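Dear colleague,

I am passing on to you the structure that we spoke about, and below it I have written out what was found in it. Please read the notes with the structure open beside you.

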Amino acid sequence: MVSLVVNGKIREIDAAPDTPLLWVLRDSLRLTGTKFGCGIAQCGACTVHLDGEPVRSCATPVSAAAGKKVTTIEGIGATRAGKAVQAAWIRHDVPQCGYCQSGQIMSASALLAKKRAPSDADIDAAMSGNVCRCGTYNQIRAAIKDAAASAKGA
Amino acid sequence: MRAKPMNASRREFLKASAMAGGGLIVGFTLPGATRLAQGAAKEARMSAYLRIAPNNEITVVCGLSEMGQGVHTAIPMLVAEELDADWSRVRVEQAGVDQAFANPIFGMQATGGSTSVRGHWEPMRKAGATARAMLIAAAAEIWKADPAECRTERGMVIHASGKKLSYGQLADKAAKLAPPKDVKLKDPTQFNLLGKSGTQRLDTVAKSTGKAKFGLDVYLPGMLTAVIAYPPVPGGKAASVNDAKAKAVPGVRRVVQIPSGVAVLADGYWAAKLGRDALEIQWDHGANASLSSEGISKMLSAGAAAGGAVGRNEGDAKAETPAKKIEAEYEAPYLSHSCMEPLNCTAWVRKDGVEIWAGTQSQGPAQGILAQVAGVAPGKVKVNTMYLGGGFGRRFAPDPVIGATVLSKITGKPVKLVYSREDDTRGYFYRPASVTRMTGGVDADGRATLFTASVACPSIMEGSHFMKLPPDGVDEFGVEGIRDCPYDIPNLRVEYSRQEPGGIQVWFWRSVGHSQNSFFLESFIDELAYAAGKDPFEFRRSLLGKQPRCKGALELAAEKAGWSKPLPAGVHRGIAVVFSFGSWCAQVAEVSVAADGAPKVHRVVAAVDCGMTVNPDIVRRQIESAIVYGLTAALYGKITFKDGRVEQSNFHDYRMLRMNEMPKVEVHIVPSTEAPGGIGEPGTPPIAPAVANAMFAATGKRIRKLPLLG
Ligand code: FES
Ligand code: FES
């Protein structure tokens with residue numbers, strides 16, 4: 001049994017400690033917003049926050065999340081940065097197929113929580129681990145800048 | 001994919017009826033519906049295209065798959081335009097499989113070939129216009145007025161006197177009226193939505209909050225998750241299997257051998273994957289164990305040198321003796337589609353039929369295939385189309401839906417078959433490799449007088465299993481983009497030689513044959529321009545006198561890029577223009593090349609002539625998306641073979657373009673009143689040659705083999 005705090009709720013899960021957090025979130029908790037893309041920390045589709053830090057849940061054993069606060073796309077809207085990022089994503093109509101976008105939003109929210117006004121270099125550094133096969137990178141960049149500007153005004 | 005217009009008379013039975021609980025449905029009944037459904041419903045069945053509810057909500061039912069291309073927004077816009085709907089009340093619903101939703105260009109329910117808007121431009125507008133006429137008639141009856149005194153605006157019928165009724169208020173009454181036989185569609189000058197910027201996608205919120213449901217997000221009670229150990233060499237088979245260790249993995253329920261490999265079924269993905277890792281399999285590799293990329297290249301090269309079936313022959317290419325002649329061989333590798341969402345399907349074979357949940361581009365054909373797999377009538381196969389985490393042609397292939405259905409039939413349980421990223425990368429259905437040998441010549445004034453191309457590659461038509469090589473022996477996908485070379489060159493000859501390296505399943509990949517052939521042709525035309533001592537843009541332009549739309553797109557891209565203006569030191573331009581899927585797209589790439597030969601693409605300026613547009617914002621995004629897809633392949637993409645095995649497996653060795661490598665992209669749309677062209681694919685072909693041509697401008701070194709980074 002592993003005990004996790006996911007989006008503010010305590011969850012008890014019957015999983016081997018080395019099971020990747022991704023599969024616990026998806027297959028056990030049915031939080032399907034977190035996506036499987038590569039399984040080897042190469043694409044970012046599975047990004048969640050552990051105590052506010054972005055991690056690739058496909059390469060994070062569930063045991064490493066025990067006792068930490070797990071935030072997923074289903075919960076990120078409750079944070080200040082996450083709310084601003086999601087609103088900007090919608091304003092900019094960022095998603096195409098949408099499959100990578102949960103991970104993109106999680107990476108962008110973590111960036112914005114740390115840097116109020118990220119530069120292009122900050123965006124490159126924070127976002128280059130997230131692949132978008134539909135090529136929405138320029139819209140993602142614009143939405144992050146817009147989210148930063150709107151969060152500042154708020 | 002091939003455009004084959006279906007018989008229009010099969011779709012002409014526009015009908016209307018009342019919705020259970022109130023409201024109006026406009027849809028189609030088909031004379032052949034009962035035959036097609038094989039007795040599923042004997043009564044005249046109606047498939048809704050459009051529902052108007054008493055609360056003013058308008059639902060457009062869409063038979064096409066949403067894979068990022070925006071079709072779940074474009075199709076409702078077509079209806080809403082003619083209906084004068086209030087866009088804020090329009091929603092979209094995914095249709096099941098029904099012949100009423102057959103793609104008018106394919107004649108089957110499928111999404112691909114950039115056909116959606118081209119095929120539905122008129123029928124969907126007619127459905128909207130019909131509903132509008134009925135709502136007006138209903139209002140006129142209530143008001144005892146002449147329908148000609150009524151107009152419509154944002155979901156309301158408005159009488160000349162100022163009286164108003166909303167569509168929701170009128171829906172019940174309209175449902176009792178007979179739909180008009182003929183409706184007049186708007187003149188494009190009257191459009192409020194179509195061709196205008198600012199209409200947001202209908203799927204944005206779901207896709208920005210994690211709520212959108214993709215195939216992998218399907219969970220059913222009692223469901224097992226399956227992964228398959230596939231033969232490492234194409235055509236191989238498991239000779240012996242020891243599954244004792246796999247079965248000992250907690251959560252693993254079954255191990256079964258099926259034609260495609262050895263499947264491990266478990267309570268979830270992770271257990272299934274661990275189970276598969278624990279399988280001990282002796283493979284019989286079959287005939288292809290010595291397959292290698294070097295061998296494939298040699299085979300294709302020999303085919304191109306020998307020549308083959310003649311696809312186009314004008315003037316006398318053999319007799320022509322130009323003042324200056326050049327010759328070159330070009331090569332492109334196999335490519336994987338690598339959709340962001342790994343391939344998957346959930347199937348449930350029950351006594352009363354089959355139900356599947358899948359992000360598929362080919363739900364219509366899937367119905368027929370699965371009926372055979374499960375041994376039921378096609379009408380007993382229900383397909384639930386989920387959002388597609390990318391399609392690019394790969395999700396046209398039936399392998400995941402067949403695999404899941406076979407496994408559910410064997411186990412009697414709902415089964416979700418999941419491809420790991422490695423399975424997806426190594427799962428064949430590749431863009432074919434191709435070698436093309438070209439010759440070209442110019443006269444003393446630098447005018448092109450000769451072009452020949454000899455293409456050698458596998459046949460997608462034969463590989464598709466739903467087409468056949470035509471009697472002339474020329475695979476249309478093998479030569480598309482070269483055979484229809486737009487340049488006015490008097491002596492022109494194109495040949496095709498079919499070559500099939502052992503057992504590699506080839507398939508449609510975003511822009512299909514254009515993806516490699518445009519690289520060949522547009523690079524070689526650049527070579528010819530330099531041979532003629534001409535500017536590459538002006539040289540192309542001079543050969544496009546008979547192709548005004550091609551020339552227009554080329555000129556717009558050059559103008560917006562400032563073709564003749566200076567660039568920062570070290571940055572160079574390349575240009576290319578391609579016709580594909582009914583649209584012209586020209587691109588100018590600005591590129592610098594590092595000392596180690598690696599290119600950096602700074603900016604891409606694209607111009608597209610796709611006729612009238614539905615949603616210009618989506619058009620621009622699709623062109624940009626297609627550029628990224630093509631650029632990723634141009635820079636890094638290759639699937640290679642060694643000892644019969646695919647050498648690549650995941651994103652570390654099958655590289656993707658990332659944020660830090662993303663160029664600025666500008667997309668300009670040529671204003672047009674022509675019929676709409678396709679938009680999902682035409683942006684892909686020009687980028688590889690535009691970048692390669694810029695690299696030549698930078699270095700003087702011509703790269704004739706993809707990927708550009710070697
Ligand atoms: S699935 Fe975790 S990084 Fe790709
Ligand atoms: S939106 Fe499709 S992968 Fe990013």
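A residue is called buried when its relative accessible area is under 20%, exposed when it is over 50%, and partly exposed in between. By that rule A41(A), at 35% relative accessibility, counts as partly exposed. Please keep in mind throughout that this is a predicted model.

Backbone features

A41(A) sits in the loop between α1 (21-28) and β3 (47-50) of chain A, and although it is not a glycine, it has a positive phi of about 60°. In chain B, S338(B) likewise has a positive phi, of about 50°, without being a glycine, and its place is in the loop between β15 (324-332) and β16 (344-350). S338(B), however, is buried, with a relative accessible area of 1%. Another backbone feature to look at is the peptide bond from L706(B) to P707(B), which is cis, with omega near 0°; P707(B) is found in the segment after α18 (687-699) of chain B. These cases are worth a look because most residues other than glycine have a negative phi, and most peptide bonds are trans.

A helix with a buried side

In chain A, helix α5 (residues 120-127) has D122(A), I123(A) and M127(A) as buried residues. Why do they lie on the same side of α5(A)? They cover an arc of only 105° around the axis, and that puts them on the same side of the helix. The face of α5(A) that is turned away from the buried side carries the exposed residues A121(A) and A125(A).

Two residues in helices of chain B

D526(B) has its place in helix α14 (residues 514-531) of chain B, and it is buried, with a relative accessible area of 1%. Its side chain is joined to that of R540(B) by a polar contact of 3.0 Å, and to that of R702(B) by a polar contact of 3.3 Å. Once the neighbours within four places in sequence are left aside, the residues in contact with D526(B) are P536(B), R540(B), I575(B), N693(B) and R702(B).

K126(B), which lies in helix α3 (residues 116-143) of chain B, is partly exposed, with a relative accessible area of 32%. With its neighbours within four places in sequence again left aside, K126(B) is in contact with L14(B), V183(B) and L185(B). K126(B) and V79(B) are 47 residues apart in sequence, while their C-alpha atoms are 7.6 Å apart in space.

Where the two chains meet

How many residues of each chain take part in the contact between chain B and chain A? There are 55 residues of chain B in contact with 49 residues of chain A. The two chains bury about 4400 Å² between them, 56% of it on carbon and sulfur atoms. Of the area that chain B buries against chain A, Y219(B), M340(B) and M659(B) supply 20%, more than any other three residues.

Across this interface the rule finds 2 salt bridges and 32 residue pairs in polar contact. K35(A) forms a salt bridge with D217(B), in which the closest N and O atoms are 2.5 Å apart. Several elements of chain B each supply at least two residues of the side that touches chain A, among them α7 (269-277), α17 (616-636) and β28 (664-669). The most comes from α17(B), with 7 residues. By class, this side of chain B has 23 nonpolar, 20 polar and 12 charged residues.

With kind regards

Conventions
Residues numbered from 1 in each chain as written. Chains lettered and ligands numbered in written order. Predicted model: local features only at pLDDT ≥ 70, side-chain atom pairs only at ≥ 80, totals over all residues. Heavy atoms only, no water. Helix = DSSP H or I, 4+ residues; strand = E, 2+ residues; numbered from the N terminus. Buried < 20%, exposed > 50% of the residue type's maximum accessible area, 1.4 Å probe, protein only. Contact = heavy atoms within 4.5 Å. Arc of directions from axis to C-beta. Buried area = accessible area lost by both parts, 1.4 Å probe. Salt bridge = Lys/Arg side-chain N within 4 Å of Asp/Glu carboxyl O. Polar contact = N/O pair within 3.5 Å; in protein donor to acceptor, adjacent residues only side chain to side chain. Nonpolar A, V, L, I, M, F, W, Y, C, P; charged D, E, K, R; others polar.
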